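This report goes through a structure chain by chain, then turns to an interface and to backbone geometry. The sequence and coordinates are shown first.

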Amino acid sequence: MTDKAVSPWRNLWVRFREDRIALAALVVVGIILLLALFAPFIAPQDPYDLSGLSLRDARRPPGWVGSGGYVHWLGTDAQGRDLLSAILYGLGVSIQIGIFAGAVGLVIGTTIGILAAYHRGWFETVLMRIIDLQLSFPPILLALVLVAALGQGKAQLIAALVAAQYAYFARTAFGAASAERSKDYIEAARATPLSNTRIVFRHILPNAMPALIVVATVQVAYAIALESTLSFLGLGLPVTEPSLGMLISNGVKYMMSGRYWISVYPGIALIILIVAINLVGDHVRDILNPRLNR
Amino acid sequence: MSSFLLKRLLQGVVIMAAMSVIVFAGVYAIGNPLDVLIPPEATQDVRERTIARFGLDKSLVEQYFLFISNLLKGDLGLSYIYNEPVLSLIGNRLPATLELVLTAVLGATLIGVPLGIYAGYKPHGFAARAIMAISILGFSVPTFWVGLILILTFAVSLGWLPSGGRGETVEFLGIEWSVLTLNGWSHLVLPAINLALFKLAIMVRLARAGTREVMLSDTVKFARAAGLSEMTILSRHVLKLISIPIVTVFGLELASTLAFAVVTETIFSWPGVGKLIIDSIKNLDRPVMVAYLILTAGLFVTINLCVDIAYALLDPRLRRGRAE
Amino acid sequence: MSGASPTTSDAPILEVSDLTTQFHTRAGVVKAVDGVSFSLHKGEIIGLVGESGSGKSVTGFSLIGLVDPPGRVVSGSVKLDGQELVGLSPAALRKVRGARIAMVFQDPMMTLNPVLTIGQQMQLALNAHEKLSKSAARARSTDALTRVGIPDAEARLDAYPHQFSGGMRQRVAIAIALLHGTRVIVADEPTTALDVSIQAQILSEMRELAREMGTALVWISHDLSTVSALADRILVMYAGRIVEEGPTAQVLRAPRHPYTAGLLRSLPAMAEPGTDLEQIPGTTPSLLNLPQGCPFRPRCDRATDLCSEAPPMTPETGRGYRCHHPLLDGTPA
């Protein structure tokens, strides 16, 4: 079983395909990515171009034909923005932040985790103690305080998200790497003049990768949710480039008066995105769990 | 056992000391409190007096030790915004938060664990799949969004429940409680559900994963071979075996729910500490931020300690041995 | 042919005929147990021997109706005291399990619940079949523990499994299996995880208990030497089938099937002094795609074209084998 048998990635894909829900979720994620990527070509309106907005179109219900001469299928927001366009652009902003935060967290966390696993002794102890301490602290608080400290902006927000999340990657990488490290062949490889980098990149990293991928999917989804939460609390991005969270937040005050669509549609988009990513991650985790594969 | 506890207690003190330094230095880096404290039209004289009153003329290290020595005396300083002692500011709001958090986490556990056990017992059945789908939803959908939908549905559309506030409270042991009045409950229900949903998802997953593993174990096979009914196996063997990770997570979640209450309290205008901390972050009210963060860290350490004790009580293998 | 059991010749307690258990997996149908038949009399001990993957454990689980999905007993019959167990409802099976047929597993560390006391676990097993007061349950448990040789049993009821040694833990498991005066115990490698000296001790105690209480034993093991010290009769299993059966002495002295002979030659105690231990060449075939005909054919040095047709069991009861080219030059049976 533990032989280097057929490519593990192929095997993963074969087993992934079997679950229809997960496969559908993957397709949904793909479609959303395409929609976000091509938003400028699909969206009927450029929501960032304030000169193209008319207040006469503000807070109109879905199906309203605006002054632009086209139908606002999902209605308009308080500035008279076409909500469909705003959502398509907002998806892009949310995804960008999620992926950036996930990727940077992955690199930093993995580096720390592998370093700790590779250099045993006090270095490992101190590093992992810090990581554990941080893991027990709720990420949302950390992100809140950091956003307040760093100020508003995309880079600052990503930095706050990374700081709140990197520890999960570090824990996972550390676990996988130290399990791998104690195996005989790594001991043997260390005794030969093979460079450490080679051992890490050829042996340790590939073995830690599947678990890290699962954490990465979950963390991207979490980063998107966290960003929208921060934006909702008024601590996220500047208003000029509204993410989904910001769109929702902007609509809240009109919700009580029955103009639900301003908040609800961006919210639905957000949920579909996060649920789809989590479904994919969840199924991959099930496949990779060796304890259920007897 | 007692030496083990002592060791953990010591660890907690060290962690708290470290946290206080980090939090203090971290919050110190945020903005310039003078902009908050002193109106631009104030005279030089007023400026200097205010600076001196809040000890802002001293160095960071001096301020820190002043803060610590005051802290040990039970004084957490004055809020910049409310001009009130931070301790009473937080103390007045903490019961509301604790009430909300405890209701949410207890509810999530009492409902989530049985659902999770069932889903783990029959992992391929329809009900199990439905439970898992709901749990993924609870796991994925941001708390603030669920809160909005709850308000939209139950307060705005149906008009069944109030959309915010704490309702009538009754004093018990010197603290005001909403759980003791019907009206209080009607106010508590929505925010508690809102806060509980994410925890419910976690509990379901945890119980399901644990049950799936235990069901495959020889312990269960042996119990079945002895003729135990499935109900007895689940309620006596499985529940006891999976209770250890569940208690751990219960503790951790209790602590992190305190943090998450920030969002729910904002949406439902629940007069707890969460709302206070958001306002203090927005207004750069340093003393409140520092006190809140240190308090949260303190709660974390305490809860972790309790979890360790519960661990030792639940797992007989640890009662001795772990003492070292 | 005389009756199989040395003690009695009444109707068997357990009668298994043509038992077939299959696992329907992604990769295909695994025939884990393929037409197994045998009978067991009161107080008799049968040794079911085979390599891992031969289907012997699945046979054990099939007997008590506890095959894990995707496995399923597809045909055949298991009669306990004349009552058919195959096809019984789960609730009816549960009433039989633990009361009239019980099972003991390999590693007691894994089978006993680490977070319940021995007393609690015994009480659960007792209450599964009888309504007993707490004190009555304690008394019964104490008796059962004393019977399997656990000293100071009363006090030990409040101990947890980890406070027992390996051998003591297995005794506890056996005591639980014996709580209801069980007629048949299926023991799946119960001593494999133990030290050799403790193994021997438990073996002799089990033998004595079986005689004393009239309990019949199906002792499943990969280790022919353990079984030979204990069993009245031996069944040798290969690739889901019984390939040879007979009274222990006869099977050991004069194996008919080349596989049994190979197993015997690989035992240290059986080897000629000064010679190397022999290993059977090749490995156990995957139960997923068995070779045509005799499944042992690829590993057998006596195989001929004839072996591409599966050999039937020889017709005599009590002493039989499945081989076209049996070893008949030994001492006659």
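## Chain B

Chain B of this predicted model holds 13 helices and two strands. Its C-alpha trace spans about 85 × 60 × 35 Å along the principal axes.

Of the 324 residues in chain B, 41% count as buried. Among contacts in chain B between residues at least 6 apart in sequence, 71% link residues at least 24 apart.

## Confidence in chain A

The average pLDDT of chain A is 78, and 81% of the residues score at least 70. Where pLDDT is low, predicted coordinates should not be read in detail.

## Interface of chain C with chain B

On chain C, 25 residues are in contact with 20 residues of chain B. The elements of chain C that supply two or more residues to this side are α2 (90-96), β6 (101-104), α3 (108-111) and α4 (118-127). By type, the residues on the chain C side are 16 nonpolar, five polar and four charged.

## Backbone geometry in chain C

Most residues other than glycine have a negative phi, and most peptide bonds are trans. C:Asp18, in strand β1 (residues 14-25) of chain C, has a positive phi near 55°. C:Asp18 is exposed, as 11 other C-beta atoms lie within 10 Å.

C:Asp81 lies in the loop between β4 and β5 (83-84) of chain C, and its phi is also positive, near 50°. C:Asp81 has 14 C-beta neighbours inside 10 Å and so counts as partly exposed.

The peptide bond between C:Pro69 and C:Pro70 is cis, with omega about 5°. C:Pro70 sits in the loop between α1 (56-63) and β4 (71-80) of chain C.

Methods:
Residues are numbered from 1 along each chain as its sequence is written. Chains are lettered from A and ligands numbered from 1 in the order in which they are written. This is a predicted model: local features need pLDDT of at least 70, side-chain atom pairs count only at pLDDT 80 or more; totals for chains, interfaces and linings use all residues. Two residues are in contact if their C-beta atoms, placed from the backbone, lie within 7 Å. Helices (H or I, at least four residues) and strands (E, at least two) are DSSP runs, numbered from the N terminus. Ala, Val, Leu, Ile, Met, Phe, Trp, Tyr, Cys and Pro count as nonpolar, Asp, Glu, Lys and Arg as charged, and the others, Gly among them, as polar. pLDDT is the predictor's confidence in each residue, from 0 to 100. A residue is buried if 20 or more other C-beta atoms lie within 10 Å of its own, exposed if 12 or fewer, and partly exposed in between; C-beta atoms are placed from the backbone.
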